[in-house]
Amino acid sequence: MSALKSVPKPDTAPSLPLAAALLLLCLAPLPVQAQSGAAVAPSAAPSAARIEIAATPIERLEAGGGTRFGALEFRGGLVLSSAAADFGGLSGLVVDPDGAGFVAVTDRGFWLSGRIRSEGDRPTGIADARLARLRAAGGGTLAGRRRGDAESLARTKAGYLVGIERRQELWLFPGDDPLTSAGRRLLADPALAKLGGNQGPEALLAPPDGTPSAIVVIGEESPDDAGILPGFLFAPLGKPVPAGRFSIRRSDDFAATDAALADDGTVYLLERRFDFLRGVAMRIRRFPLSEIRPGARVEGEVVITANRLAAIDNMEGLALHRNAAGELILTLVSDDNFSALQRTLLLRFAVVD
């Protein structure tokens, strides 16, 4: 479907368009082999295509105009749109330490990179945007290999780790610029393979450089236990073998969509819920990385919950950085499922507790 044609006025708190029931169709799984128009270079070419991204400000998260939500303070947001047919579906995100440069993956097998313009912590636009297909070593694209549903992303010293849903695999794209890199499959474990087709590696944490920490994978849902979010541990990069399993207590029908690790060792977990009665909602929990170990059951602390009355959508990407004042800044992006009924949003919050 085409991208959303109109965006809310800056002085209103945007809410999801149309009835919540219509959103169910939008959140249905997309075929991984589906490809949209020729907005980027041919799949055989490693070069990225520059695109223009329009941005409309979100001044208020909710109609009341408040900025404090639990432990977080809303610093601003954007509704993003582009004429490029392959723009959308953002599912994983990392940002540079300065909070400007970013790389994202989409669930149709594309990279998106660029820079977030801002005034202080308030985002104002996107510059230098580029799109490129995820390519595989040996030739071809991941989408061409039925591995286009990229859902999670983490940056390491060796390159970028990407979680592929449906195939339930992790791929490594070496180097500093993944848009020109060719990836290789890092691991595909039988435990991951037991996840349902749409319950794959939604969240991915890479070990901090120079530590023996494991690679952490969190599934969207458990195929056999509705009360947990399944967690998987693998040996550090370079030795991708199983190292154990853990779980995170699931509550109120929320499912995992992304996670990010702060420099103080705190994990921030992004979650999403959708049903007919309540519509869409998002939640963020946090807990120490040290609580993740084989056999552990993690609870976590809720730092924000927002429902369909807020300026949210299908929030699927989360990244962290510190601003000049030392505050931890959370950047969230949404997956519009390439639907005219949904939007691509970028939201920013500061941890103020």
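Visitor: Which residue in β25 is the bridge partner of Leu80?
Guide: The bridge partner of Leu80 in β25 is Thr344. Before we go on, please keep in mind that this is a predicted model, where local features need pLDDT of at least 70 and side-chain atom pairs count only at pLDDT 80 or more, while totals for chains, interfaces and linings use all residues. Residues are numbered from 1 along each chain as its sequence is written, and side-chain values use heavy atoms, with hydrogens and water left out.

Visitor: OK, and how many bridges join β4 to β25?
Guide: Eight bridges join strand β4 to strand β25 (residues 344-351), and the two run antiparallel. A strand here is a DSSP run of E with at least two residues, numbered from the N terminus, and two strands pair if DSSP finds at least two bridges between them.

Visitor: What else pairs with β4?
Guide: Strand β2 (residues 54-58) is joined to β4 by five bridges, also antiparallel, and within that pairing Ile58 stands opposite Gly77. Strand β3 (residues 68-69) pairs with β4 in the antiparallel sense over two bridges, and these two form a hairpin in whose turn Gly70 has a positive phi of about 60°.

Visitor: Is β4 mostly covered or mostly open?
Guide: Strand β4 (residues 72-81) is mostly covered, since eight of its 10 residues are buried, where buried means under 20% relative accessible area with a 1.4 Å probe and protein chains only, exposed means over 50%, and partly exposed lies in between.

Visitor: Changing topic, how many aromatic pairs are there?
Guide: Rings of Phe, Tyr and Trp (its six-membered ring) pair if their centres lie within 6.5 Å, with planes under 30 degrees apart counted as stacked, over 60 as edge-to-face and the rest as tilted; by this rule the count comes to three. In one of them, the rings of Trp111 and Tyr160 have centres 6.2 Å apart and planes at 75°, so the pair is edge-to-face.

Visitor: Where do Trp111 and Tyr160 lie?
Guide: Trp111 lies in strand β7 and Tyr160 in strand β11 (residues 159-164), so the pair ties together parts that are 49 residues apart in sequence. Trp111 counts as buried at 0% relative accessibility, and Tyr160 is buried as well, with a relative accessible area of 4%.

Visitor: And what about the rings of Trp111 and Phe173?
Guide: Their centres are 5.1 Å apart and their planes stand at 90°, so Trp111 and Phe173 make an edge-to-face pair. Ring pairs link Trp111, Tyr160 and Phe173 into a cluster.

How values were computed: Helix = DSSP H or I, 4+ residues; strand = E, 2+ residues; numbered from the N terminus.
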